[in-house]
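Trainee: I would like to learn how to read this model with care. Could we go through it one feature at a time?

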Amino acid sequence: MFASRVARQAFRQTPRMMRPIPKEEQAAHTVSQRLRMRAKSIPAELWPLGVVVGFAVCAAFYSITRHLFVDKTIRLKRQNRAADAHAAHAAHGEEKH
């Protein structure tokens, strides 16, 4: 009798497993189904705002990228480091006087 009692306790389910499984937030199986479920939860009034903001971000990215590649007057790298170092040393020398 003692051995059967030990066996019953060893194979008994834990209280957590006996409770029903809570419904998961992402119950869909594929990525497209998950995205569809997320898209349905967004109110319809926010879709035009998202489109306008997305367009503005894309336009800003295009504008800054075009400006950096087309405008040749922008210094993207240091040039003539020896002259910069000499000018900085001379400026510090003048401040000490």
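Trainee: Of the 97 residues of the protein, what percentage count as buried?

Mentor: Buried means under 20% relative accessible area, exposed over 50%, and partly exposed in between, with a 1.4 Å probe and protein chains only; here 1% of the 97 residues count as buried. This is a predicted model, in which local features need pLDDT of at least 70 and side-chain atom pairs count only at pLDDT 80 or more, while totals for chains, interfaces and linings use all residues. Residues are numbered from 1 along each chain as its sequence is written, and side-chain values use heavy atoms, leaving out hydrogens and water.

Trainee: Where is confidence lowest, and where is it highest?

Mentor: The predictor's confidence in each residue is its pLDDT, from 0 to 100; the mean is lowest in helix 2 (residues 15–18), at 62, and highest in helix 4, at 95. Helices here are DSSP runs of H or I with at least four residues, and strands are E runs of at least two, numbered from the N terminus; the protein has 5 helices and 0 strands.

Trainee: Why does V53 count as partly exposed?

Mentor: V53, which lies in helix 4 (residues 47–70), counts as partly exposed because its relative accessibility is 46%.
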